[in-house]
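Morning, everyone. I have one structure to go through today, and I will keep it short. Please have a look at the model first.

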Amino acid sequence: MRTRTTVLLSRQETADLLSLEECIAAVERAFKWHGEGRARPPGILSVPSGEGAFHIKAGLLEISGKKYFAAKTNGNFFRNSQRFDLPNIVGTIVLCDGENGHPLAIMDSIEITIQRTGAATAVAAKHLSRHPSRVAVICGCGNQGRVQLRAISKVRSIERAFAYDSDKATADRFCTDMSRELGFDVMPTRDLAEAVPQSDICVTCTPSTEYFLKKEYVSPGTFVAAVGADSEHKQELDPALMSSAKIVADVLEQSATIGDLHHAIEGGWVTRASVHAELGEIVAGKKPGRTADDEIIIFDSTGMALQDVAAAAAIYDKAVARGRGTRFDFST
């Protein structure tokens, strides 16, 4: 008989139970299964609220013969730290048994969201960036910027990086911390027109509502991961850049609705048919990735719910095996 208890996991516990390497592997499997058609299309709902929004994502995966369903509710409020001394992203994931609906776990979503978003970029960089790629530029030096640089360093031999942020002090701290952690030079830049042409990989992970990565900044062969646009109001990439590049979406429907692709379509620069593939199709070998060294390839990353399912299931299984978390019974 299956257990009726539910495991409650804090942010620290979720962080302890899933390394970045494990998260990258879990996310790559999720994309592969999605590309093979082995997973139902994930769902997403966005609800604006004041200066932020709630994003609800849900999906179902079968992993090692077990079905897992996860629903994540994240509140994205980018003035939380100033107004309420809270993280800018707060939320929970409910992981359920996909066979009977029993809630297996309730866990903090912040660490999973940060890690799996970086992991998706790592998977995309592995399949779409030039090999070797040695120089990166990170636009946005918050927690997501940090995990993005860590993640791409796991799949490419990065030797040098630039860091760009609207707040100079934030960029300086990022450079000091990440240079020490990763063992290569991370340098602040105030000029993307100078830094981006020197880079093989460019990651944008900001809350910007107006594009700042211009077409003329990006050299042939660059891999761009557009991470920040996860609602229809956010934008980081010049639509003209989108029209001149090979576009790969995490989930086409999402990217066309809330990603940078959304703005390019709305402005008449591209159509849905302009998109080369979803990342899962490339990971599954159904469509080719990079076919020439001089291709500019854009990964429009809006956050696929199956990433959350794969990461949450891995954390839950390890928590059960190690006796971690607080157990309680909803039925009592």
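When I say contact, I mean heavy atoms within 4.5 Å. With that in hand: in the protein chain, 71% of the contacts with a separation of 6 or more are between residues 24 or more positions apart. Bear in mind that this is a predicted model.

Now the overall picture. The protein chain has 12 helices and 15 strands. Its radius of gyration is 19 Å, close to the 20 Å that the globule rule gives for 332 residues, so the chain is as compact as a globular protein of that length. Along the principal axes, the C-alpha atoms fill a box of roughly 60 × 40 × 40 Å. Of the 332 residues, 55% count as buried. The chain exposes about 14,100 Å², and 50% of that comes from carbon and sulfur atoms.

Next, a pair of helices. H4 covers residues 110-128 and H5 covers residues 143-155; they pack at an angle of about 40°, with axes 8 Å apart. The crossing of H4 past H5 is right-handed. On the H4 side, the residues that meet H5 include Ile114, Gly118, Ala122 and Ala125. On the H5 side, Val147, Ala151 and Ile152 are among them. What is the make-up of this contact in nonpolar, polar and charged residues? There are 8 nonpolar, 8 polar and 1 charged.

The peptide bond between His131 and Pro132 is cis, with omega about 5°.

That takes us to strand S7, residues 135-139, which holds Val137. Is Val137 buried or exposed? Its relative accessibility is 0%, so Val137 counts as buried. Leaving aside neighbours within four places in sequence, Val137 is in contact with several residues, including Phe162, Leu192, Ile201 and Cys202. Val196 is another of its contacts; the two valines, Val137 and Val196, are 59 residues apart in sequence, yet their C-alpha atoms are 6.5 Å apart.

Most residues other than glycine have a negative phi, and most peptide bonds are trans. Ser64 has a positive phi of about 50°, and it sits in the loop between strands S3 and S4. Ser64 counts as exposed because its relative accessibility is 74%, and the cut-off for exposed is over 50%. Asp85 also has a positive phi, near 55°. Asp85 is in the loop between helix H3 and strand S5, and is exposed at 69% relative accessible area.

That is what I have. Questions are welcome.

Key
Residues numbered from 1 in each chain as written. Predicted model: local features only at pLDDT ≥ 70, side-chain atom pairs only at ≥ 80, totals over all residues. Heavy atoms only, no water. Axes fitted to C-alpha atoms, helices over the stretch in contact; angles between N-to-C directions. Helix = DSSP H or I, 4+ residues; strand = E, 2+ residues; numbered from the N terminus. Left-handed = near helix turned anticlockwise from the far one by under 90°. Nonpolar A, V, L, I, M, F, W, Y, C, P; charged D, E, K, R; others polar. Rg over C-alpha atoms; globule rule 2.2 N^0.38 Å. Buried < 20%, exposed > 50% of the residue type's maximum accessible area, 1.4 Å probe, protein only. Areas by Shrake-Rupley, 256 points an atom, 1.4 Å probe, with all protein chains shown as cover.
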